[in-house]
Amino acid sequence: MRAIAFTEFGNPATLTELPAPTPGPGEVLVRVRNTSINGFDLGVLGGYMRGVFEHEFPVVLGKDFAGTVAAVGDEVTEYAVGQEVFGVVMRPTLGQGGLAEYVSVPAGYGIAAIPSGLDADAAGALGLAGTAALTALDAIDPESGETLLISGATGGVGAFAIQLATARGVRVIATARPGAEADFVTALGAEHAVDHTDLVTEVRKIAPEGVPAALHLAGDGPTVAGLVTRGGRFASTVHFAPTEGDLVTTDVMADPSRANLDRLAAAAAAGTLRVPIAKRYELSDAPTAIADFTTGTLGKLAVAI
(Lines give C-alpha, C1' and ligand atoms only; values in the text may rest on other atoms or scores of the structure.)
Protein backbone atom coordinates (compact mmCIF):
# COMPACT_ATOMS: atom_id res chain seq x y z
CA MET A 1 0.00 0.00 0.00
CA ARG A 2 1.02 3.66 -0.42
CA ALA A 3 1.65 5.62 2.75
CA ILE A 4 3.29 8.80 4.04
CA ALA A 5 5.92 7.60 6.51
CA PHE A 6 9.30 8.40 8.03
CA THR A 7 11.92 5.78 8.82
CA GLU A 8 13.70 7.32 11.81
CA PHE A 9 13.78 10.46 13.91
CA GLY A 10 15.00 13.42 11.92
CA ASN A 11 14.03 11.98 8.55
CA PRO A 12 11.32 13.61 6.42
CA ALA A 13 8.00 11.94 5.74
CA THR A 14 7.78 10.66 2.19
CA LEU A 15 5.46 8.64 -0.02
CA THR A 16 6.49 5.00 0.28
CA GLU A 17 5.23 1.47 -0.32
CA LEU A 18 4.50 -0.63 2.76
CA PRO A 19 2.70 -3.92 3.42
CA ALA A 20 -0.98 -3.47 4.19
CA PRO A 21 -1.77 -4.24 7.85
CA THR A 22 -3.85 -7.17 9.03
CA PRO A 23 -6.52 -6.54 11.68
CA GLY A 24 -5.87 -8.28 14.97
CA PRO A 25 -8.54 -9.43 17.43
CA GLY A 26 -10.91 -6.56 18.21
CA GLU A 27 -9.64 -4.47 15.29
CA VAL A 28 -11.14 -3.11 12.08
CA LEU A 29 -9.15 -2.75 8.86
CA VAL A 30 -10.23 0.44 7.06
CA ARG A 31 -9.63 1.22 3.40
CA VAL A 32 -8.89 4.91 3.89
CA ARG A 33 -10.39 7.36 1.42
CA ASN A 34 -9.92 10.65 3.23
CA THR A 35 -7.85 12.10 6.05
CA SER A 36 -6.44 15.47 7.14
CA ILE A 37 -3.40 17.14 8.67
CA ASN A 38 -3.29 17.92 12.40
CA GLY A 39 -0.79 19.47 14.76
CA PHE A 40 -0.25 16.01 16.24
CA ASP A 41 1.36 14.96 12.95
CA LEU A 42 3.95 17.71 13.26
CA GLY A 43 4.64 16.64 16.83
CA VAL A 44 5.23 13.03 15.76
CA LEU A 45 7.40 14.03 12.80
CA GLY A 46 9.40 16.42 14.97
CA GLY A 47 10.18 13.71 17.52
CA TYR A 48 8.19 15.34 20.30
CA MET A 49 6.36 12.10 21.05
CA ARG A 50 9.60 10.24 21.75
CA GLY A 51 9.31 8.74 25.21
CA VAL A 52 5.53 9.27 25.22
CA PHE A 53 4.65 6.58 22.67
CA GLU A 54 6.52 3.57 21.41
CA HIS A 55 7.45 4.15 17.75
CA GLU A 56 7.22 1.26 15.31
CA PHE A 57 9.24 2.38 12.29
CA PRO A 58 8.45 3.16 9.60
CA VAL A 59 5.90 5.46 11.27
CA VAL A 60 2.91 6.40 9.10
CA LEU A 61 1.51 9.82 9.92
CA GLY A 62 -2.15 10.78 10.17
CA LYS A 63 -4.67 10.62 13.01
CA ASP A 64 -7.90 11.13 11.07
CA PHE A 65 -9.46 8.60 8.74
CA ALA A 66 -12.63 8.05 6.76
CA GLY A 67 -13.29 5.14 4.45
CA THR A 68 -14.83 1.68 4.23
CA VAL A 69 -14.34 -1.42 6.34
CA ALA A 70 -12.12 -3.84 4.39
CA ALA A 71 -11.91 -6.59 7.00
CA VAL A 72 -12.61 -7.23 10.66
CA GLY A 73 -10.63 -9.15 13.25
CA ASP A 74 -11.89 -11.79 15.63
CA GLU A 75 -14.43 -10.65 18.22
CA VAL A 76 -15.64 -7.69 16.14
CA THR A 77 -19.41 -7.60 15.76
CA GLU A 78 -20.14 -3.85 15.57
CA TYR A 79 -18.86 -3.28 12.02
CA ALA A 80 -19.18 -5.14 8.74
CA VAL A 81 -17.15 -5.23 5.55
CA GLY A 82 -18.23 -2.45 3.21
CA GLN A 83 -19.54 -0.17 5.96
CA GLU A 84 -18.51 3.48 5.81
CA VAL A 85 -16.67 4.61 8.94
CA PHE A 86 -14.55 7.47 10.23
CA GLY A 87 -12.64 8.42 13.31
CA VAL A 88 -9.25 8.86 14.93
CA VAL A 89 -6.39 6.35 14.91
CA MET A 90 -6.09 5.41 18.60
CA ARG A 91 -3.51 2.64 18.57
CA PRO A 92 -1.27 2.18 21.64
CA THR A 93 1.86 2.70 19.52
CA LEU A 94 2.85 5.04 16.71
CA GLY A 95 3.27 3.09 13.52
CA GLN A 96 0.07 2.87 11.55
CA GLY A 97 -1.65 6.13 10.57
CA GLY A 98 -4.38 7.57 8.43
CA LEU A 99 -2.07 8.87 5.68
CA ALA A 100 -2.13 5.45 4.05
CA GLU A 101 -4.39 3.33 1.91
CA TYR A 102 -5.15 1.05 4.86
CA VAL A 103 -5.11 1.36 8.64
CA SER A 104 -6.13 -1.10 11.35
CA VAL A 105 -7.87 0.50 14.35
CA PRO A 106 -9.55 -0.70 17.55
CA ALA A 107 -13.25 -1.42 17.07
CA GLY A 108 -14.23 -0.13 20.50
CA TYR A 109 -12.70 3.35 20.52
CA GLY A 110 -11.94 6.02 17.94
CA ILE A 111 -14.30 4.78 15.23
CA ALA A 112 -17.94 5.38 14.30
CA ALA A 113 -20.25 4.91 11.34
CA ILE A 114 -20.59 7.72 8.82
CA PRO A 115 -24.27 8.73 8.82
CA SER A 116 -26.30 9.55 5.76
CA GLY A 117 -25.74 13.16 4.75
CA LEU A 118 -22.07 13.32 5.74
CA ASP A 119 -19.59 12.79 2.92
CA ALA A 120 -16.25 11.07 3.47
CA ASP A 121 -14.31 14.21 2.54
CA ALA A 122 -15.77 16.06 5.52
CA ALA A 123 -15.69 13.00 7.79
CA GLY A 124 -11.98 12.60 7.11
CA ALA A 125 -11.29 16.07 8.51
CA LEU A 126 -13.65 15.89 11.48
CA GLY A 127 -12.36 13.35 13.99
CA LEU A 128 -9.38 14.69 15.94
CA ALA A 129 -10.03 18.43 15.71
CA GLY A 130 -13.76 17.98 16.25
CA THR A 131 -13.43 15.80 19.34
CA ALA A 132 -10.73 18.10 20.76
CA ALA A 133 -13.11 21.05 20.40
CA LEU A 134 -16.02 19.11 21.85
CA THR A 135 -13.98 17.81 24.79
CA ALA A 136 -12.63 21.29 25.55
CA LEU A 137 -16.07 22.87 25.39
CA ASP A 138 -17.60 20.18 27.58
CA ALA A 139 -14.81 20.78 30.13
CA ILE A 140 -15.68 24.45 30.65
CA ASP A 141 -19.40 23.95 29.98
CA PRO A 142 -20.35 27.53 29.07
CA GLU A 143 -23.99 28.50 29.49
CA SER A 144 -26.20 30.31 27.01
CA GLY A 145 -25.48 34.05 27.17
CA GLU A 146 -22.01 33.65 28.65
CA THR A 147 -18.96 35.07 26.90
CA LEU A 148 -16.17 32.70 25.84
CA LEU A 149 -12.73 33.71 24.61
CA ILE A 150 -11.19 31.32 22.08
CA SER A 151 -7.49 31.88 21.51
CA GLY A 152 -6.23 30.12 18.41
CA ALA A 153 -9.63 30.24 16.77
CA THR A 154 -8.68 30.05 13.09
CA GLY A 155 -7.38 26.46 13.02
CA GLY A 156 -9.41 23.29 12.83
CA VAL A 157 -10.07 22.93 16.56
CA GLY A 158 -10.96 26.60 16.87
CA ALA A 159 -13.29 26.50 13.88
CA PHE A 160 -15.25 23.63 15.42
CA ALA A 161 -15.18 25.19 18.90
CA ILE A 162 -16.72 28.43 17.63
CA GLN A 163 -19.61 26.59 16.04
CA LEU A 164 -20.21 24.23 18.96
CA ALA A 165 -20.19 27.15 21.40
CA THR A 166 -22.52 29.38 19.42
CA ALA A 167 -24.92 26.45 19.01
CA ARG A 168 -25.24 26.58 22.82
CA GLY A 169 -26.05 30.29 22.71
CA VAL A 170 -22.58 31.33 23.88
CA ARG A 171 -21.14 34.71 22.86
CA VAL A 172 -17.74 33.98 21.32
CA ILE A 173 -14.74 36.29 21.20
CA ALA A 174 -12.31 34.71 18.72
CA THR A 175 -8.71 35.64 18.03
CA ALA A 176 -8.18 36.52 14.36
CA ARG A 177 -6.20 39.07 12.46
CA PRO A 178 -8.17 41.71 10.54
CA GLY A 179 -9.22 40.67 7.07
CA ALA A 180 -9.65 37.07 5.94
CA GLU A 181 -9.13 35.60 9.42
CA ALA A 182 -11.72 37.88 11.03
CA ASP A 183 -14.17 37.17 8.22
CA PHE A 184 -13.61 33.44 8.71
CA VAL A 185 -14.36 33.35 12.44
CA THR A 186 -17.36 35.67 12.25
CA ALA A 187 -18.83 33.61 9.41
CA LEU A 188 -18.65 30.60 11.75
CA GLY A 189 -20.61 32.48 14.41
CA ALA A 190 -18.09 34.42 16.50
CA GLU A 191 -19.61 37.65 17.78
CA HIS A 192 -16.25 39.41 17.95
CA ALA A 193 -12.88 38.95 16.23
CA VAL A 194 -9.89 40.33 18.15
CA ASP A 195 -6.28 40.65 17.02
CA HIS A 196 -4.00 38.46 19.12
CA THR A 197 -1.18 41.02 18.82
CA ASP A 198 -3.07 43.36 21.16
CA LEU A 199 -5.27 40.81 22.87
CA VAL A 200 -5.65 42.45 26.28
CA THR A 201 -6.73 45.81 24.89
CA GLU A 202 -9.11 44.26 22.37
CA VAL A 203 -10.80 41.92 24.85
CA ARG A 204 -11.07 44.58 27.57
CA LYS A 205 -12.98 46.78 25.13
CA ILE A 206 -15.63 44.07 24.87
CA ALA A 207 -15.45 42.64 28.40
CA PRO A 208 -13.89 45.24 30.73
CA GLU A 209 -14.07 42.93 33.75
CA GLY A 210 -12.76 39.93 31.82
CA VAL A 211 -14.45 36.80 30.52
CA PRO A 212 -15.84 33.92 32.61
CA ALA A 213 -14.26 31.25 30.41
CA ALA A 214 -11.51 30.77 27.84
CA LEU A 215 -10.29 28.06 25.48
CA HIS A 216 -6.54 28.20 24.97
CA LEU A 217 -5.76 26.49 21.66
CA ALA A 218 -2.78 28.69 20.75
CA GLY A 219 -1.19 31.94 21.83
CA ASP A 220 0.39 33.18 25.04
CA GLY A 221 -1.12 31.18 27.89
CA PRO A 222 -0.55 33.67 30.74
CA THR A 223 -2.08 36.47 28.68
CA VAL A 224 -5.18 34.45 27.86
CA ALA A 225 -5.56 33.25 31.46
CA GLY A 226 -5.16 36.81 32.70
CA LEU A 227 -8.31 37.78 30.85
CA VAL A 228 -10.44 35.25 32.73
CA THR A 229 -12.25 36.51 35.82
CA ARG A 230 -11.13 35.12 39.17
CA GLY A 231 -12.66 31.69 39.70
CA GLY A 232 -13.46 31.37 35.99
CA ARG A 233 -12.89 28.36 33.73
CA PHE A 234 -9.84 27.81 31.55
CA ALA A 235 -9.15 24.85 29.25
CA SER A 236 -5.98 24.34 27.23
CA THR A 237 -5.20 21.87 24.46
CA VAL A 238 -1.51 22.85 24.51
CA HIS A 239 -0.86 21.82 28.11
CA PHE A 240 -0.61 25.26 29.72
CA ALA A 241 -1.77 25.38 33.34
CA PRO A 242 -2.21 28.87 34.86
CA THR A 243 -0.92 29.33 38.38
CA GLU A 244 -2.76 32.57 39.15
CA GLY A 245 -6.35 33.75 39.15
CA ASP A 246 -7.83 30.88 41.14
CA LEU A 247 -9.13 29.38 37.90
CA VAL A 248 -10.80 26.04 37.32
CA THR A 249 -8.41 24.59 34.75
CA THR A 250 -8.53 21.58 32.43
CA ASP A 251 -5.69 20.11 30.38
CA VAL A 252 -7.64 18.89 27.37
CA MET A 253 -7.01 15.69 25.47
CA ALA A 254 -9.34 14.86 22.60
CA ASP A 255 -11.77 12.07 23.48
CA PRO A 256 -12.82 10.35 20.24
CA SER A 257 -15.30 8.04 21.92
CA ARG A 258 -18.01 6.64 19.72
CA ALA A 259 -20.53 8.86 21.50
CA ASN A 260 -18.52 12.00 20.76
CA LEU A 261 -17.88 11.00 17.16
CA ASP A 262 -21.60 10.28 16.73
CA ARG A 263 -22.50 13.71 18.16
CA LEU A 264 -20.19 15.48 15.74
CA ALA A 265 -21.20 13.40 12.75
CA ALA A 266 -24.90 13.97 13.41
CA ALA A 267 -24.38 17.72 13.64
CA ALA A 268 -22.29 17.78 10.46
CA ALA A 269 -24.80 15.62 8.58
CA ALA A 270 -27.62 17.93 9.68
CA GLY A 271 -25.70 20.98 8.48
CA THR A 272 -25.45 22.60 11.91
CA LEU A 273 -21.70 21.98 12.07
CA ARG A 274 -19.60 22.90 9.06
CA VAL A 275 -16.31 21.16 8.36
CA PRO A 276 -14.25 24.08 7.01
CA ILE A 277 -11.78 22.62 4.50
CA ALA A 278 -9.33 25.25 3.33
CA LYS A 279 -7.50 23.12 0.76
CA ARG A 280 -7.46 19.58 -0.58
CA TYR A 281 -4.43 17.46 -1.51
CA GLU A 282 -3.76 14.05 -3.01
CA LEU A 283 -1.78 11.52 -0.94
CA SER A 284 1.35 12.10 -3.02
CA ASP A 285 1.19 15.79 -2.10
CA ALA A 286 0.75 15.18 1.63
CA PRO A 287 4.32 16.33 2.45
CA THR A 288 3.39 19.67 0.88
CA ALA A 289 0.22 19.74 2.98
CA ILE A 290 2.30 19.18 6.12
CA ALA A 291 4.60 22.05 5.15
CA ASP A 292 1.60 24.27 4.38
CA PHE A 293 0.10 23.44 7.79
CA THR A 294 3.11 24.99 9.53
CA THR A 295 2.36 28.37 7.92
CA GLY A 296 -1.15 28.51 9.40
CA THR A 297 -4.50 27.74 7.82
CA LEU A 298 -8.10 28.82 8.06
CA GLY A 299 -9.73 25.54 8.97
CA LYS A 300 -8.61 22.11 7.81
CA LEU A 301 -6.21 20.73 5.18
CA ALA A 302 -7.79 17.59 3.71
CA VAL A 303 -6.04 14.71 1.96
CA ALA A 304 -7.70 12.28 -0.46
CA ILE A 305 -6.12 8.81 -0.61
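In which loop is R274 found? In this predicted model, in which residues are numbered from 1 along each chain as its sequence is written, local features need pLDDT of at least 70, side-chain atom pairs count only at pLDDT 80 or more, and totals for chains, interfaces and linings use all residues. Side-chain values use heavy atoms, with hydrogens and water left out.

R274 is found in the loop between helix 8 (258-270) and strand 15 (277-282), where helices (H or I, at least four residues) and strands (E, at least two) are DSSP runs numbered from the N terminus. With a relative accessibility of 42%, R274 counts as partly exposed, the classes being buried for under 20% relative accessible area, exposed for over 50% and partly exposed in between (1.4 Å probe, protein chains only). When its neighbours within four places in sequence are left aside, R274 is in contact with F160, Q163 and L188, contact meaning heavy atoms within 4.5 Å. The C-alpha atoms of R274 and E202, which are 72 residues apart along the chain, are separated by 27 Å.

In helix 5 (residues 180-187), the buried residues are E181, A182, F184 and V185. Seen down the axis of helix 5, these buried residues fall within an arc of 160°, so they line one face of the helix; the arc is that of the directions from the helix axis to the C-beta atoms. The buried residues of helix 5 pack against helix 4 (156-166), strand 10 (171-175) and strand 11 (192-194), whereas the face turned away from the buried side carries the exposed residues A180, D183 and A187. Helix 5 is followed by G189, which has a positive phi near 125°.

An open sheet of three strands shows the order 2-1-4 with antiparallel pairing, two strands being paired if DSSP finds at least two bridges between them. Strand 2 (14-17) and strand 4 (59-60) stand at the edges with a single partner strand each, so one side of each is left without a neighbour in the sheet. Strand 1 (residues 2-6) pairs with strand 2 in the antiparallel sense over four bridges, and I4 stands opposite L15 in strand 2.

Backbone geometry was also examined in the loops. The peptide bond from F57 to P58 is cis, with omega near 0°, and P58 lies in the loop between helix 1 (39-45) and strand 4. D141, in the loop between helix 3 (127-140) and strand 9 (147-151), has a positive phi of about 45° although it is not a glycine, and D141 is partly exposed at a relative accessible area of 49%.
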